[in-house]
Amino acid sequence: MKSSYGGFASLYDALTYDVDYEKMADCIEWLFQKNALTPELVLDLACGTGSLTLALSGRGYDMLGADASADMLSVAGQKKGAEKILFLNQPMEDFELYGTVDAITCALDSINYLTEPDALEKTFRLCANYLNPDGLFIFDVNSEYKFSQILGQEIYTHETDDIFYVWENDFDPQTRLCNMYLTFFAEKEEGLYHRVDELHTQRAYTDDELKKALSDAGFMLTGRYDDYTRKAPGEATERIVYVAKKNQ
């Protein structure tokens, strides 16, 4: 079974059709303004197929995109406007830039894929290292509530005109690891389907763990938000956005 977006990069955009990247970019720009930051160069870490990267690029920011999956970056590179962006095939916990940036974004629960606390801490330290003083690190995570109450042991199915998938979750509250078993059937030719099997594993991080990792890396937390709504998170928030400023 494949893992980490290796087998279905070409399907990813079709499966995330309901993600409003422009809304996310709106909120990110609002967070820039709220934190008195006028960034020029922005890194989109774990950028995937580059949808958010391109949305921010379209607003005038010079963008870099980094992702561990060459397949995802291949899809990103074929999109309109991609020629303006430098895409780097690098994992979150081991990325390397030639210089510093003014802001770093990391969206759609990519941080949860750092299943070892050491990897989380290393990623945060790298982000601090490559940010200019007072630079912002904006990321989101799947909340503990989502793992325990929404994903849990549930099985989900979804069907479009060209794709059918089954998504089975196995969340262990002791290890706080969630294994997600995904099987996709994508139509290649009329009446013929291609099967893709994937295993994805995420960790549920507590708010205290994330705050400590940020502080240890040299960040000051400036805000937490319910998804990209600009509102404070509640007990039933499924995605929490964190905003941290690099200490001078």
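Ring pairs join Phe124, Phe137, Phe139, Phe219 and Tyr242 into a cluster; rings of Phe, Tyr and Trp (its six-membered ring) pair if their centres lie within 6.5 Å, with planes under 30 degrees apart counted as stacked, over 60 as edge-to-face and the rest as tilted. The model is a predicted one, in which local features need pLDDT of at least 70 and side-chain atom pairs count only at pLDDT 80 or more, whereas totals for chains, interfaces and linings use all residues. Residues are numbered from 1 along each chain as its sequence is written, and side-chain values use heavy atoms, with hydrogens and water left out.

Over the whole structure, 11 aromatic pairs are found. The ring centres of Phe124 and Phe139 lie 5.3 Å apart with their planes at 45°, so this pair is tilted. Because Phe124 lies in helix H5 and Phe139 in strand E6, the pair ties together parts 15 residues apart in sequence; helices (H or I, at least four residues) and strands (E, at least two) are DSSP runs numbered from the N terminus. Phe124 is buried at 0% relative accessible area, and Phe139 is buried at 0% relative accessibility; buried means under 20% relative accessible area, exposed over 50% and partly exposed in between (1.4 Å probe, protein chains only). Tyr165 and Phe184 form a tilted aromatic pair, at 5.5 Å centre to centre and 45° between the planes. This pair links distant parts of the chain, with Tyr165 in strand E8 (residues 163-172) and Phe184 in strand E9 (residues 177-189), 19 residues apart. Both Tyr165 and Phe184 are buried.

The largest nonpolar core has 34 residues, and those with the most contacts inside it are Leu43, Leu45, Ile111, Phe124, Phe137, Phe139 and Phe219. A nonpolar core is a set of buried Ala, Val, Leu, Ile, Met, Phe, Trp, Tyr and Cys residues joined through side-chain atoms within 4.5 Å. Elements supplying at least two residues each include strand E2 (41-45), helix H5 (117-129), strand E6 (131-142) and helix H7 (207-217). H5 gives the most, with 6 residues. A second, separate core of 33 residues includes Cys27, Leu31, Leu56 and Ala107.

An open sheet of 7 strands runs in the order E4-E3-E2-E5-E6-E12-E11 with mixed pairing; two strands pair if DSSP finds at least two bridges between them. Strand E4 (86-89) and strand E11 (219-226) are the edge strands, each pairing on one side only. From one strand to the next, the twist averages 15°. E11 and E12 pair in the antiparallel sense over 7 bridges, and Asp226 stands opposite Ile240 in E12. Helix H2 (residues 21-34) packs on the sheet, touching E2, E5, E6, E11 and E12, with its direction at about 140° to that of E6. H7 also packs on the sheet, touching E6, E11 and E12, with its direction at about 150° to that of E11. Contact means heavy atoms within 4.5 Å; axes are lines fitted to C-alpha atoms, for helices over the stretch in contact, and angles run from 0 to 180 degrees between N-to-C directions.

Lys246 is placed in strand E12 and counts as buried at 17% relative accessibility. Lys246 and Asp134 are 112 residues apart in sequence and 4.9 Å apart in space, C-alpha to C-alpha. The side chain of Lys246 reaches the backbone oxygen of Ala128 at 2.8 Å, and a polar atom of that side chain lies 2.6 Å from the backbone oxygen of Leu131.

How values were computed: A polar contact is a pair of N or O atoms within 3.5 Å; within protein, one must be able to donate a hydrogen and the other to accept it, and residues adjacent in sequence count only if both atoms are side-chain atoms.
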